[in-house]
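Please read the report below with the sequence and the model open beside it.

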Amino acid sequence: MWRHTILSTRYLAGNATLCRQIATHSPKLGAESNRSKEKASENESFMANIFRGSLVSSQVFPYPDVLTAEQKELTNSLIDPFERFFSDVNDAARNDANAKIDDTTAKALWELGAFGIQVPADYGGLGLNNTQYGRLCAIVGVNDLGLGITIGAHQSIGFKGILLYGTPEQKEKYLPKVAAEQVYAAFALTEPSSGSDAGSIRCRAVKSADGKHFVLNGSKIWISNGGIAEIMTVFAQTEQVDPKTGEKKDKVTAFIVERSFGGVTNGPPEKKMGIKASNTAEVYFEDVKIPIENVLGKEGDGFKVAMNILNNGRFGMGATLSGTMKKCIEQATEHANNRVQFGQKLKNYGSIQEKLAQMNILQYATESMAFTISQNMDAGSKDYHLEAAISKIYASESAWYVCDEAIQILGGMGFMVDTGLERVLRDLRIFRIFEGTNDILRLFIALTGIQYAGSHLKELQRAFKNPSANLGLIFKEASRRAASTVGLGGTDLSGHVVSELLPYAKKTAHCIDLFGQSVEELLLRYNKNIVNEQILLTRLANAAIDIYAMVVTQSRSSRAVSLNLPTAQHELNMTKALTIQASDRVIKNLQAATSSHHRSLNEKISAIAKTTLENGGVTTTGILDQN
């Protein structure tokens with residue numbers, strides 16, 4: 001059985017474009033991992049390992065707390081000036097109505113240091129780490145998502161590549177400008193023909209005969225800060241020659257492009273549904289001469305650069321939207337505490353109480369995910385990419401739900417512009433689309449995790465070829481499987497949570513074991529064709545997302561109890577409710593992915609979609625049109 005699975009999983013990296021890109025460019029997990037194959041098992045990602053049915057808990061238990069006392073003091077000192085900026089200077093409604101940030105507001109934001117939060121102090125920035133950045137992002141999320149996009153497009157992705165991949169000379173030249181000299185940055189990846197499929201970009205950069213520069217031609221669409229940025233991280237196809245075979249092949253390369261190079265222009269600001277305060281424009285490149293020293297990273301490594309920039313910044317979305325949800329909940333709570341209907345305040349009605357409780361649960365889990373990830377990153381972890389994708393999906397979908405429910409609680413008042421919630425809802429819609437659509441990220445989670453599980457099975461195959469030298473590995477795996485089969489052993493989280501959460505940790509452990517078993521079953525059933533089973537993969541990803549939500553909230557609420565925080569009981573109650581809900585969903589999703597009954601449902605769904613697509617929409621005849 002193991003051998004059959006191992007042989008089939010080698011096709012995961014080769015038989016579908018999407019899977020190939022995921023496999024090749026997923027840091028630490030893909031076939032082109034920076035680590036050797038022999039060290040692949042050292043991956044510390046909690047989520048990657050549950051795809052193998054293994055528990056590696058160091059990233060989630062105990063709940064991370066990496067900031068020093070000095071760092072916490074610095075962060076706290078920045079909270080008041082950031083909040084005063086939003087209360088005294090910024091006007092989110094005005095920014096939305098004018099579809100731009102006025103010069104006075106932008107200048108104050110620059111003076112605050114908001115555009116160089118993570119730039120080292122030596123280059124003129126605030127020098128904060130990811131967790132400190134996340135705390136300030138939450139303040140932005142409370143107040144103005146449109147303005148937040150301008151900040152995020154600038155530093156979370158705009159010049160992030162220079163921080164991650166820049167040479168000392170590149171950092172010295174550009175970081176002071178983008179941190180304190182009011183020079184905006186942008187991230188230029190998306191093209192008309194390449195949205196989520198970033199590998200299909202058509203922008204092309206041709207190297208000069210003397211090898212001293214590239215000439216860039218092409219265009220990018222929907223670029224945040226595209227109309228105001230003077231420095232851009234741009235991705236283009238370049239011809240690369242294999243040093244061993246001499247074969248020529250196009251590969252994406254990343255470049256630092258200055259508008260001052262000439263040939264860089266942009267279209268008018270796009271008219272958008274939300275985040276109107278941010279500048280979004282098409283950018284054109286015509287014979288742009290880029291010095292060879294402005295290649296970012298290595299030639300041909302542009303796709304990896306782009307994906308790592310996006311992966312590195314995704315946690316910030318969770319932190320930002322946890323703040324947005326907090327504000328929505330505050331508005332809904334204030335209304336429920338004061339509004340009287342049918343002789344009672346809204347707060348006394350069970351349906352309103354349920355809404356508010358669910359909104360709080362989602363906010364708590366979103367925040368718990370974001371700061372688990374940021375603190376692992378600050379502790380030096382490189383294995384956070386699955387968790388970051390999960391956080392982005394969970395945050396964007398939870399925030400939409402919370403804002404929508406806040407509007408529902410406020411009723412007609414929530415629908416009015418003056419309340420501000422309609423603007424927030426419009427702003428929120430984009431978060432499920434950009435920086436990786438949630439649909440694509442679900443496939444990323446499932447396929448990357450499955451590939452990692454397959455690499456473990458391949459390791460077992462090698463062990464069986466020389467059993468006498470690998471008895472420890474073989475017996476360990478055999479014992480684990482035997483215990484799991486008869487309901488003994490398996491995952492045990494009891495040593496990681498407080499006593500009050502033991503029954504809930506047991507539910508979660510059962511879900512983790514069932515998840516690992518389901519992954520292997522699916523690999524056996526579908527072999528290489530699993531890459532084409534997107535409905536199945538989505539259900540697998542949904543189960544993974546719920547497992548992570550259970551684990552991080554159990555860890556965080558256990559910490560609250562250990563520290564005797566005044567919110568400890570409230571945190572426990574939210575964790576318990578979430579675990580009950582999430583564990584039920586995990587079981588249902590895994591059943592949907594593995595059972596023959598649900599395979600039949602998937603087939604019907606595919607048939608309905610095919611008919612709809614072939615006929616251009618709804619194909620049934622209207623009731624009144626039938627003879």
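Leaving out residues up to four places away in sequence, I445 touches F51, L386, A389, I390, I393, A541, A544 and I545. Contact here means heavy atoms within 4.5 Å. This is a predicted model, in which local features need pLDDT of at least 70 and side-chain atom pairs count only at pLDDT 80 or more, while totals for chains, interfaces and linings use all residues. Residues are numbered from 1 along each chain as its sequence is written, and side-chain values use heavy atoms, with hydrogens and water left out.

I445 is also one of the residues with the most contacts inside the largest nonpolar core, along with L216, F285, F515 and I547. A nonpolar core is a set of buried Ala, Val, Leu, Ile, Met, Phe, Trp, Tyr and Cys residues joined through side-chain atoms within 4.5 Å. Buried means under 20% relative accessible area, exposed means over 50%, and partly exposed lies in between (1.4 Å probe, protein chains only). The largest core has 141 residues. Its largest share, 14 residues, comes from helix α14 (residues 385-410). A second, separate core has 27 residues, including I157, F159, A185 and F303. In soluble globular proteins, nonpolar side chains tend to be buried together.

## I393 in helix α14

I393 lies in helix α14. Helices (H or I, at least four residues) and strands (E, at least two) are DSSP runs, numbered from the N terminus. With 0% relative accessibility, I393 counts as buried. Apart from residues up to four places away in sequence, I393 touches N438, L441, R442, I445 and I545. The C-alpha atoms of I393 and R432 are separated by 6.9 Å, although these residues are 39 residues apart along the chain.

## The chain as a whole

The chain contains 22 helices and 10 strands. It has 627 residues, of which 52% count as buried. Among contacts between residues at least 6 apart in sequence, 75% join residues at least 24 apart.

## Two packed helices

Two packed helices are described by the angle between their axes and the distance between the axes. The axes of helix α7 (residues 130-143) and helix α13 (residues 350-378) come within 8 Å and cross at roughly 150°. Axes are lines fitted to C-alpha atoms, for helices over the stretch in contact, and angles run from 0 to 180 degrees between N-to-C directions. Helices α7 and α13 are therefore roughly antiparallel to each other. Angles over 145 degrees count as roughly antiparallel, under 35 as roughly parallel, 65 to 115 as roughly perpendicular, and the rest as oblique.

On the α7 side, the contact is made by N130, T131, G134 and R135, and on the α13 side by F371, S374, Q375, M377 and D378. These residues divide into 2 nonpolar, 5 polar and 2 charged. Ala, Val, Leu, Ile, Met, Phe, Trp, Tyr, Cys and Pro count as nonpolar, Asp, Glu, Lys and Arg as charged, and the others, Gly among them, as polar.

## Salt bridges

The whole structure has 18 salt bridges. A salt bridge is a side-chain nitrogen of Lys or Arg within 4 Å of a carboxyl oxygen of Asp or Glu. One of them pairs R559 with D65, with the closest N and O atoms 3.9 Å apart. This pair links distant parts of the chain, 494 residues apart: R559 is in helix α20 (residues 534-562), and D65 is in the loop between α3 (46-50) and α4 (69-88). R559 is partly exposed at 29% relative accessible area, and D65 is partly exposed at 42%.

In another salt bridge, the closest N and O atoms of D80 and R84 are 2.8 Å apart. D80 and R84 are 4 residues apart in helix α4, so about one helical turn separates them. D301 and K304 also form a salt bridge, with closest N and O atoms 3.8 Å apart. Salt bridges that share partners join D65, K72 and R559 into one network.

## Backbone details

A cis peptide bond, with omega about -10°, joins F61 and P62. P62 is in the loop between α3 and α4.

W222 is not a glycine, yet it has a positive phi of about 55°. W222 is in strand β3 (residues 213-224) and is exposed, at 57% relative accessible area. N564, also a residue other than glycine, has a positive phi near 55°. N564 is in the loop between α20 and α21 and is exposed, at 66%.
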